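Q: Can you take me through this one? I'd like the strands, then a helix pair.

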Amino acid sequence: MDKHDKINQYDLVKIIQVPEKLHGVIDLGDIGVVVEKYDEENFEVECVTPDGSYKWLEVLNIQYISRHLRSSSKTKQSLDQRMLQDSVGFGSVVGAGLGVLIGCGLGAITSSLDGILIGSVIGLILGLVTGALTAALTVKTAGTTGGVGVGYYTGTLVGGILGLIVGALIPTSLRLRAHTEALPVLDALAQGRLETAILTGFFLSILATIVGVWVGGRNQLPRNLKK
């Protein structure tokens, strides 16, 4: 094989022949990206449809593929950008949903419909921001190999720090309006600035951890155990 046609990781390749055992899975002319290069003749290739959805991931020999693009750096950059955009959108949706649920629950301690509505709106906003930020950082830290483990730690850290900052900024007048039924524990959480910050950090940490684990697992590429 000519050195100019050498296939490297992150190169785009085109299917020029379909393996008999993969008929119905792979189509002639499919375009995929090399996610793992085992040697000069065997590659793990992932194919996605034009709309970005997953199609197949298979180990293929050089006889079935040919190089489609020569700029591997541009290819990798394009793939990373697409993964970042998809992950941020996904994280925002998940974060918003969880934020509404958490905000609604926390707003309920005011024992008023207004408190529940305000809590839900605040939860929605914080969920969107936390989910998007966590997803973006998880893409950077976990990539396609870190998986749920890296996503877990990223989410916990992001949510905890953001929650502490937000909790510390909650106005005293708003905290004092919380209806705690004179329970000492709830009084301390609602009236002490530090305690409120810790409570907010705890809930946002849970939200961000869920987003981080989900995004990290969603982006992780399966590994070939026969390697």
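A: E2 pairs with strand E3 (residues 42-48) in the antiparallel sense, over five bridges. Strands (E, at least two residues) and helices (H or I, at least four) are DSSP runs numbered from the N terminus, and two strands pair if DSSP finds at least two bridges between them. This is a predicted model, where local features need pLDDT of at least 70, side-chain atom pairs count only at pLDDT 80 or more, and totals for chains, interfaces and linings use all residues. Residues are numbered from 1 along each chain as its sequence is written, and side-chain values use heavy atoms, leaving out hydrogens and water.

Q: What joins E2 to E3?

A: A hairpin, through four residues.

Q: And which residue in E3 is the bridge partner of valine 33?

A: Glutamate 46.

Q: What about E1 and E2, how many bridges there?

A: Three bridges join strand E1 (residues 12-15) to E2, and the two run antiparallel. Valine 13 stands opposite glycine 32 in E2.

Q: Why is E2 largely enclosed?

A: Five of the seven residues of E2 (residues 31-37) are buried, so the rest of the structure largely encloses the strand. Buried means under 20% relative accessible area (1.4 Å probe, protein chains only).

Q: Switching to helices. At what angle do H3 and H6 pack?

A: About 155 degrees for H3 (residues 147-169) and H6 (residues 193-219), with their axes 5 Å apart. That makes H3 roughly antiparallel to H6, a term for angles over 145 degrees.

Q: What residue classes are in that contact?

A: The contact of H3 with H6 has 12 nonpolar, 16 polar and one charged residues.

Methods. Axes are lines fitted to C-alpha atoms, for helices over the stretch in contact, and angles run from 0 to 180 degrees between N-to-C directions. Angles under 35 degrees count as roughly parallel, over 145 as roughly antiparallel, 65 to 115 as roughly perpendicular and the rest as oblique. Ala, Val, Leu, Ile, Met, Phe, Trp, Tyr, Cys and Pro count as nonpolar, Asp, Glu, Lys and Arg as charged, and the others, Gly among them, as polar. Buried means under 20% relative accessible area, exposed over 50%, partly exposed in between (1.4 Å probe, protein chains only).
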